[in-house]
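Open the structure in your viewer and keep the selection tool ready. We will go step by step.

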Amino acid sequence: MKNIVISGTNSVSEEIAKSLANSLSAELCKPIYKVFPDGESYVRLPCNVNDSKVIVVQSLINPQDKSIIEAILLGDAIKEKAVDQILVTPYLAYSRQDKIFLEGEPISIRAILKMFSEYYNFLATIEIHKEDSLKFFNKNSINIRPYTYMAEKINFDNKNIAVLSPDIGAIERAKILSSYLNCEYDYFIKTRDRITGEVTMQPKQLDVKGKDIIIVDDIISTGGTILKATQILKNQGARNIYVIVSHALLLENAEEKLFSSGVNKIYATNTLPKKNKVDYIDVGPLIAKNLSAYLN
Ligand code: R5P
C-alpha cells in the first residue's frame with residue numbers, strides 16, 4: 001500500500017513534510033491552497049489518495065486558528081478515500097491550556113484534540129506540553145520527545161556539563177537528556193502568578209560553578225523563564241549556557257534578550273518559523289522513525 005505525505009498550508013509544515021516524505025520514501029503531495037476574499041480557507045488535493053495511508057503534516061503555527069481549520073479541511077478531504085488518516089502536528093498549539101486555571105476557562109487542548117479525532121485515526125506530535133493531554137484525542141497517538149535525537153545531532157563533547165529543567169514538572173526532560181549525556185541533572189523551583197504571569201525562580205541544589213549548563217524545556221515563549229534561569233546560573237558562576245528546546249516561539253524580542261543575557265546557543269527543532277540566531281534541527285527523520293512502526 002502507498003504512503004502519501006500531504007504538506008500542510010504553511011512553510012514550516014512544507015519543510016517537515018518534504019523531509020518526512022524523503023525519510024519514508026513516500027509520495028509528497030502539496031495541496032492547492034487559497035484564501036477567499038471573505039477570509040475563508042480553501043484547500044484541494046491534486047493527488048489521488050484512494051486506498052493509501054495518508055499523513056497530513058500541519059504545524060499549528062500562528063495564525064493558529066487558521067492552521068487548525070486547515071488541518072480539519074485536509075482531514076475532511078481524505079476522510080472517505082484514504083485507508084489511514086494520520087495527522088502530524090509538529091507544533092501542537094493550545095497545549096498549554098490543558099486545565100482550568102481560572103474559573104470559566106475551557107480546556108482548550110481538549111477541544112482541539114476532540115475535533116481532530118473526528119477526522120484522523122492517528123496523531124503524532126513533537127513534545128506536547130503535557131503528554132497526558134493526548135488522552136483527549138480519542139484514537140491512538142504518540143508524543144515524540146526530541147531531546148536525545150537533538151543531542152546526537154549537536155554532539156556535545158564537553159565533560160563538565162549538567163542539565164537543568166526550569167521546573168520540577170519538566171524534570172523528565174532533564175533526566176532523559178542527562179542519561180544520554182551521562183551527566184548530572186537538577187531542576188529550578190519555579191512559580192508563575194496565573195494572573196500577572198510573573199515568574200519567580202528559587203535557586204536549585206546543583207552546584208553550577210565552572211560548569212557548562214544545558215537548560216532543557218518544551219517551549220520558549222517570551223523567554224522570561226530561560227532569561228531568569230540564565231541570570232541565576234551566571235550569578236552562581238556557570239560557564240556556558242546552552243538551551244535545548246522543542247519549540248522556539250521566541251516572542252517579543254526574546255531572541256535578543258536571551259543572547260545578550262549570556263545564553264551561548266539555542267538549539268530548537270524546526271516546528272516553528274525560524275529566527276536568525278537559533279540552531280535548528282530537522283525533525284522529519286525523527287518523525288519518520290517513530291511512524292514507521294505504525295505504517296508497516
Ligand atoms: C512552562 O510550563 C513551559 O514549560 C515553559 O517553561 C514556558 O511556557 C516558557 O514560557 P516563557 O518563555 O514565556 O517564560
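This tour of a predicted model visits a sheet, the helices lying across it, and a helix pair.

**Stop 1: the sheet.** Select β10, β9, β13, β14, β15 and β16, in that order. They form an open sheet of six strands with parallel pairing. Which strands stand at the edges? Look at β10 (184-187) and β16 (279-281). Each has a single partner strand, so one side of each is left without a neighbour in the sheet.

Stop 2: Select residues 212-220, strand β13, and residues 241-248, strand β14. The two pair in the parallel sense over seven bridges. Pick valine 216, then find isoleucine 244 in β14 opposite it.

**Stop 3: helices across the sheet.** Select residues 147-154 for helix α4. This helix lies across β13, β14, β15 (263-269) and β16. Its direction is at about 130 degrees to β14. Next, select residues 224-235 for helix α6. Helix α6 lies across β9 (161-165), β13, β14 and β15, and runs at about 170 degrees to β13.

**Stop 4: a helix pair.** Select α1 (residues 11-24) and α8 (residues 284-295). How do they pack? Their axes are 8 Å apart, at an angle of about 50 degrees. The two helices are therefore oblique to each other. Their crossing is right-handed. Show side chains at the contact: Ile16 and Leu20 are among the α1 residues there, and Ile287 and Leu291 are among those from α8. By class, this contact has eight nonpolar, three polar and no charged residues.

Note on methods:
Residues are numbered from 1 along each chain as its sequence is written. This is a predicted model: local features need pLDDT of at least 70, side-chain atom pairs count only at pLDDT 80 or more; totals for chains, interfaces and linings use all residues. Side-chain values use heavy atoms; hydrogens and water are left out. Axes are lines fitted to C-alpha atoms, for helices over the stretch in contact, and angles run from 0 to 180 degrees between N-to-C directions. Helices (H or I, at least four residues) and strands (E, at least two) are DSSP runs, numbered from the N terminus. Angles under 35 degrees count as roughly parallel, over 145 as roughly antiparallel, 65 to 115 as roughly perpendicular and the rest as oblique. A crossing is left-handed if the near helix is turned anticlockwise from the far one by less than a right angle, and right-handed if clockwise. Contact means heavy atoms within 4.5 Å. Ala, Val, Leu, Ile, Met, Phe, Trp, Tyr, Cys and Pro count as nonpolar, Asp, Glu, Lys and Arg as charged, and the others, Gly among them, as polar. Two strands pair if DSSP finds at least two bridges between them.
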